[in-house]
Amino acid sequence: MKQQSYEQTVKREGNTMTSIEERFEFRNIRPEEADQAAQIEQICFPPNEACSEKMMKERVLTAPEFFLVAVDKENGKIAGFLNGLATDEEALRDEFFKDAGLHNPQGKNIMLLGLDVLPDYRRQGLATAIMSRYLERERKQGRKTIILTCLEGKVKMYEKMGFQNQGISGSSWGGEQWYEMSCVLN
């Protein structure tokens, strides 16, 4: 299967963006939404993989500009979000999940810590829309690479979003075997 480039992914997704734009507002998270983000994380990830409520609140306070939320315009609630931390490091290690203090706002790379979409909003292109906007935003900020880890069953999904599989990650977060994925922006 041929690897899609970041640009091809954005162009392909352009066809569905209008309806998603009409339905959702995309923006940074607000401090008062930290509890909502923590609840969504608990729904989207099993307990061994989910970020704790305390850690989610710390991420929101430390790096709100590295969240991208999709808010359902009809009910005003977050339907999904992406969050990460900036760093000059080049591999995602478990400490990023536990210590928001590792965040360096001027870092050239972003470690994505979670892509969460509530079950009612899945299979509608929302995860891809959030990711496309996040990648474009960080490309414009001059970031070099976006790095994430995922379970084997999600590798193809992230490849469709423009990421390349770098193999088995050094991360063992939640006692799982993760694959490191990267997307070069600049």
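Here is a friendly walk, in questions and answers, through a predicted model.

Visitor: Let's begin with the pocket. What is the volume of the largest pocket?

Guide: The largest pocket is lined by 38 residues. L115, A127, K154, M157 and Y158 lie nearest its centre. Its volume is about 940 Å³.

Visitor: Which element gives the most to the lining of the largest pocket?

Guide: Several elements give two or more residues to this lining: α1 (6–23), α2 (34–44), β4 (109–117), α5 (126–140), β5 (145–150) and α6 (155–160). The one that gives the most, with 6 residues, is β4.

Visitor: How many residues of that lining are charged?

Guide: The lining of the largest pocket has 22 nonpolar residues and 5 polar ones. K154, one of the residues nearest the centre, is a lysine, and Lys counts as charged. The number of charged lining residues is 11.

Visitor: On to the aromatic rings. What is the angle between the planes of F97 and W173?

Guide: The model has 5 aromatic pairs, and F97 with W173 is one that is stacked. A pair of rings is described by the distance of the centres and the angle of the planes. For F97 and W173 the centres are 5.0 Å apart. Planes under 30 degrees apart count as stacked, and here the angle is 20°.

Visitor: How many residues apart in sequence are the parts that this pair ties together?

Guide: F97 lies in helix α4 (residues 95–98), while W173 lies in the loop between β6 (164–168) and β7 (179–184). Both residues are buried. Because F97 and W173 sit in these two places, their pair ties together parts whose separation in sequence is 76 residues.

Visitor: Which residue has its charged end over the ring of F26?

Guide: F26 belongs to a cluster that ring pairs form with F24 and Y121. A charged end also sits over the F26 ring, 4.0 Å from its centre. Elsewhere, R93 is placed over the ring of F96, 5.4 Å from the centre. Over F26, the residue is R133.

Visitor: Is T149 buried or exposed?

Guide: T149 lies in strand β5. Beyond its sequence neighbours, T149 touches L92, F97, S169, S171, W178, Y179 and E180. Its relative accessibility is 12%, and the cut-off is under 20%, so T149 counts as buried.

Visitor: Which elements are included in what covers the buried residues of α2?

Guide: The buried residues in α2 are A34, Q36, A37, A38, I40, E41 and C44. In an α-helix there are 3.6 residues a turn, so residues three or four places apart point the same way. The cover over the buried residues of α2 includes α3 (53–62), β3 (78–87) and β4.

Visitor: With which residues is E58 in contact, leaving aside its neighbours within four places in sequence?

Guide: E58 sits in helix α3 and is partly exposed, at 29% relative accessible area. The C-alpha atoms of E58 and A100 are 6.6 Å apart, although 42 residues separate them in sequence. For E58 and G101, 43 residues apart along the chain, the C-alpha distance is 8.9 Å. The contacts of E58 are D99, A100 and G101.

Visitor: Is G101 buried or exposed?

Guide: G101 is in the loop between α4 and β4. Its relative accessible area is 57%, and the cut-off is over 50%, so G101 is exposed.

Visitor: What is the phi of R123?

Guide: R123 lies in the loop between β4 and α5. Its relative accessible area is 87%, so R123 is exposed. R123 is not a glycine, yet its phi is positive, at about 65°.

Visitor: One last stop. How far apart in space are Q164 and C183, C-alpha to C-alpha?

Guide: Q164 is in strand β6 and is partly exposed, with a relative accessible area of 42%. Q164 and C183 are 19 residues apart in sequence. In space, C-alpha to C-alpha, their separation is 6.3 Å.

Definitions and conventions: Residues are numbered from 1 along each chain as its sequence is written. This is a predicted model: local features need pLDDT of at least 70, side-chain atom pairs count only at pLDDT 80 or more; totals for chains, interfaces and linings use all residues. Side-chain values use heavy atoms; hydrogens and water are left out. On a 1 Å grid over the protein atoms alone, a cavity is a set of points where a 1.4 Å probe fits but cannot get out, and a pocket is an open set with protein on both sides within 12 Å along at least five of seven lines; lining residues have an atom within 4 Å of a point. Grid points are joined across faces, edges and corners, and a volume is the space filled by probe spheres set on the points. Helices (H or I, at least four residues) and strands (E, at least two) are DSSP runs, numbered from the N terminus. Rings of Phe, Tyr and Trp (its six-membered ring) pair if their centres lie within 6.5 Å; planes under 30 degrees apart count as stacked, over 60 as edge-to-face and the rest as tilted. Buried means under 20% relative accessible area, exposed over 50%, partly exposed in between (1.4 Å probe, protein chains only). A charge sits over a ring if NZ of Lys or CZ of Arg is within 6 Å of the ring centre and within 35 degrees of the ring normal. Contact means heavy atoms within 4.5 Å.
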